[in-house]
Amino acid sequence: MKEQGIKNNVISGFFWKAMESGGDQLITFLISIVLARLLGPEKYGTMSVMLIFITIANVIIQNGFQTALIQRKEISDTDLSSVFWMGMLISGVLYLIIFLMAEPAALFFGDPEITGMLRVLSLMLFTGSVVSVQIAIVARRMKFSIQCKATIFADVISGIAGIIAAVRGMGTWALIFQQLIKNLSLMLVLYGSLHWMPRFEFSPERIGALFSYGWKVLASGLIDTVYSNLYTPFISKLYNSAMVGYYSRGNQFPQVIVNSMAQTMQAVMLPAFSRTQAERDTAKKMLRRAVKLSGFVMFPMMFGICAVAEPMIRLLLGEAWLPAVPMLRLCALSYSVWHIHVANLQAINANGRSDIYLRLEIIKKVIGIAVLLVSIRMGIAGMLLLKAVFDYVCTIINAWPNRKIIGYGPAAQWRDICPEFVLAAGMAVFVYLLRLPLGCIGITGTQGTASAMLLLVIQIAAGAAVYLGAAVLLKVESYRYLIETAMLYLGKKK
């Protein structure tokens, strides 16, 4: 009964978190397309450079304590209030550091406008600190419907504001205002739903207890974030802001999908795994199911993006963004296995083994930096290709500890997801080669927006039909389980 109760909570939580993450990524994606057409590659490149500082600072503020609040079996109002005040203190210190670093950063990247823009953009650290505690409360209560509605509202309001600012000729400032308004709106709506306010109390003992677990997660997240954002400054220094813009857009398309899945898995699987810490078989079943189901969804999406990259860029961004096509394909290949990383790391974290989590991040990033340095002379395509290869190697590294923790290691995981992987790869090859017969009848995707749209629609429809048809004919386990679970859940809702 306990396992069934956890399963029901996971299904419900997964549904709402998927709605929230998917809605967030979709709305942000659509708005970014409009803004990309209005602003061009150079403005997006400048924003991407500034976001490096904000992203790293947010990891320091949010990762450790938020994860610790979710992972602990019991927390008190004192815990929440202490984390809130600690977060505000850290935000203030980091804001001061970024404020002082803004001018040297502008000189380093050769763009004097970065100074003022970075100082304003950094104000979002304070609202982000509050949202971090609010999201921990939502996750502990498994009330992801609240976060879903708040996120979508914030996306819409900030997106409209950003587009208006861009139309009025505000350039990169339009992107900055969009980010600030999004964080502020999310914080206010979550407050209206949760009705949580911090108390005027602070417990060093409680902070110490939470930090004893959270610092390893924080260090791991910091290492991962710094490494993930290394490519942007390297490309900026070796090339220019426009090239950073191409990379940013090429990275964004698959990232939209992967972030939605990753955020859903992280938010739902961590509290779910935490409840089964002492039940090895249950945890193994959950991890196996998470890896297989996410693979059934992610592999065809990422490989499909590789196949339709050119007409997708032509249709959504226009001819000016075509240099992003090879970057889009390589980034999609790299992201195709991220669901495996996320599922394994959440299982490790939930079992209280943040020490292993940290050790894995150090090992991976040391090797990853070496790969980056070796690939610099190979051009952007070479850098991204080696990064994709290394991401596949990391599936083995991340899954290795789970051989002993829950009895489900990399070999078993790849055996389980092999049918989905092969099926998706075959579908992508079919979709890409479909351009040859379509080209013979005049559907090339190069004759304007209508031509690109027609080619893209035909390729996506054919790919979906081939993939799902093969899944049915071959009786793929993930497909059957997904349909059965969806029918069961929908039946209970009625």
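Is the crossing of α11 and α17 left-handed or right-handed? I began my notebook with this point, and I found the crossing of α11 and α17 to be right-handed. I keep in mind throughout that I am reading a predicted model.

**The chain as a whole.** I looked up the secondary structure and found that the protein chain has 20 helices and 0 strands. Of its 494 residues, 55% are buried. I also checked the contacts with a separation of 6 or more, and 84% of them in the protein chain join residues 24 or more positions apart.

**The helix pair.** I then returned to helix α11, which covers residues 280-316, and helix α17, which covers residues 410-433; they pack at an angle of about 20 degrees, and their axes lie 8 Å apart. Because angles under 35 degrees count as roughly parallel, I noted α11 as roughly parallel to α17. Going through the contact, I listed residues on both sides: α11 contributes, among them, L287, F296, F299 and F303, while α17 contributes residues including I417, F421, M427 and Y432. I sorted the residues of this contact of α11 with α17 into 16 nonpolar, 3 polar and 4 charged.

**The cysteines.** I searched the whole structure for disulfides and found 0. For C306, I looked for the closest cysteine sulfur, which belongs to C331 and is 9.7 Å from the sulfur of C306, so the two are too far apart for a bond. I also looked up C148, which has a relative accessibility of 4% and therefore counts as buried, since the cut-off for that word is under 20%.

Methods. Residues numbered from 1 in each chain as written. Predicted model: local features only at pLDDT ≥ 70, side-chain atom pairs only at ≥ 80, totals over all residues. Heavy atoms only, no water. Axes fitted to C-alpha atoms, helices over the stretch in contact; angles between N-to-C directions. Helix = DSSP H or I, 4+ residues; strand = E, 2+ residues; numbered from the N terminus. Parallel < 35°, antiparallel > 145°, perpendicular 65-115°, else oblique. Left-handed = near helix turned anticlockwise from the far one by under 90°. Contact = heavy atoms within 4.5 Å. Nonpolar A, V, L, I, M, F, W, Y, C, P; charged D, E, K, R; others polar. Disulfide = S-S within 2.5 Å. Buried < 20%, exposed > 50% of the residue type's maximum accessible area, 1.4 Å probe, protein only.
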